[in-house]
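Dear colleague,

Please find below the structure that I promised to hand over.

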Amino acid sequence: MKRFTAPNRQHDYSFNFWIGCHRFSEGCQNCYMFIAQTGRKIDPENVRLCTTTWGGPLRVQEEAEQAGECRSVFACSYSDFFSPEADAWRNDAWALIRETPNLIWQLASKRTHLIAERLPADWGNGYKNVWLGTSAELNKYLSRLDELRNIPCVLRWLDLAPMLEDLMPELAEHIDGFGWVNAAGETGCNAVEPRPFDLQWARNVRDMCSSRGIPFYFSHTGGRQRHPGRLLDEVEHNGIPPLTTGL
Ligand code: SF4
């Protein structure tokens, strides 16, 4: 369980139930999991359970409960929570999520068509501590937002990372029902050249969010550097919904 200590972070922790994935669409081309795993000579397409780390969320739950707070956890940054290859383990993941009501689980998937049939039987209108998210790197994938809107949950979020083209004005026609938007350019590394990113694309999304009262978070401009710029028109955009739904 990785803790983020930088101020104004997008989430407090990240946690991987399992690791590994198959590329699904253009946004996956320079997936950092593929880069990192390949660099360690590990097959990134071998989806495998992280067996030794599941106690971490329970410890953070205890701390958060004692403090009377909620903490956010971005799950499966090195995989896809709704990957079919993780079907055998997901019930255990749901059980852990139920045991940690003070943790706000941010679950994202590009595979929105697979989500409904992989929700737990007692999902109802959505677990109070789960935010469901998706991403759309190109306009042709905005239909993922429509698929996610059909799934009940306490908060839907959109992770536009990386943005590969201007998504406005079409995005405005799909954003109803979403309560949080994150945008970013693509990051690279020494061996990988990130694809072009135009700040105007992020400005257009920022302005749309502003006009609708949707919290907007700008992660970074992208680029090769390890910590690319976070400013958009000289302002840090750190919008995030309040972490209160789990209490
Ligand atoms: S879905 Fe996510 S984890 Fe899987 S290959 Fe694409 S970017 Fe990587």
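In what follows, a residue counts as buried if 20 or more other C-beta atoms lie within 10 Å of its own, as exposed if 12 or fewer do, and as partly exposed in between, with C-beta atoms placed from the backbone. Please keep in mind that this is a predicted model, in which local features need pLDDT of at least 70 and side-chain atom pairs count only at pLDDT 80 or more, while totals for chains, interfaces and linings use all residues. Residues are numbered from 1 along each chain as its sequence is written.

I begin with the sheet, for which helices (H or I, at least four residues) and strands (E, at least two) are DSSP runs numbered from the N terminus, and two strands pair if DSSP finds at least two bridges between them. Eight strands form an open sheet of mixed pairing, in the order E1-E2-E5-E6-E7-E8-E9-E10, and its edge strands, E1 (2–3) and E10 (216–220), each pair on one side only.

Strand E5 (71–75) is largely enclosed by the rest of the structure, because five of its five residues are buried. In a regular strand the side chains alternate between the two faces of the sheet. In E5, Arg-71, Val-73 and Ala-75 point one way and Ser-72 and Phe-74 the other, and all are buried. E5 runs parallel to E2, to which three bridges join it, with Phe-74 as the bridge partner of Ser-14; E5 also pairs in the parallel sense with E6 over four bridges, where Leu-103 is the bridge partner of Arg-71.

Turning to the interior, a nonpolar core is here a set of buried Ala, Val, Leu, Ile, Met, Phe, Trp, Tyr and Cys residues joined through C-beta atoms within 7 Å. The largest such core has 51 residues, and those with the most contacts inside it are Ala-75, Leu-160, Val-181 and Ala-183. Its largest share, five residues, comes from strand E6 (residues 103–108).

With best wishes

Terms used
Contact = placed C-beta atoms within 7 Å. Axes fitted to C-alpha atoms, helices over the stretch in contact; angles between N-to-C directions.
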